[in-house]
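Colleague: Hi! Could you walk me through this one? I'm new to it.
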Amino acid sequence: RSQTDCPFCSIDAARIVFADEFIFAFWDSYPVSAGHLLIVPWWHVADWGDLEEQERGRSLLPLTARWV
């Protein structure tokens, strides 16, 4: 999953607060609101909408349940 120009490929694993087979999430260094997480797929896509619906939904359900 590594690309030299991708800021998410070199994220420190200690910053990751959730991960599954599709996505990982970490607290934003510059949050726009309290509790702002960045949710990033493990592979490169241009836009969240480029993921399959199953990939988006399956990843967000456990994350939402954990933090709500």
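Modeller: Happy to! Cys6 counts as buried, because its relative accessibility is 13% (buried means under 20% relative accessible area, exposed over 50%, partly exposed in between, with a 1.4 Å probe and protein chains only). This is a predicted model, where local features need pLDDT of at least 70, side-chain atom pairs count only at pLDDT 80 or more, and totals for chains, interfaces and linings use all residues. Residues are numbered from 1 along each chain as its sequence is written, and side-chain values use heavy atoms, with hydrogens and water left out.

Colleague: Is Cys9 buried or exposed?
Modeller: Cys9 is buried, with a relative accessible area of 16%.

Colleague: New topic: how do S1 and S2 run?
Modeller: Antiparallel: strand S1 (residues 16-19) is joined to S2 by three bridges. Strands here are DSSP E runs of at least two residues, numbered from the N terminus, and two strands pair if DSSP finds at least two bridges between them. A hairpin of three residues links S1 to S2.

Colleague: Which strand does S2 pair with over five bridges?
Modeller: That is S3 (residues 37-41), also in the antiparallel sense. Phe26 in S2 is the bridge partner of Ile16, and Phe26 stands opposite Leu38 in S3.

Colleague: How many residues of S2 are buried?
Modeller: Four of its five, so strand S2 (residues 23-27) is mostly covered.
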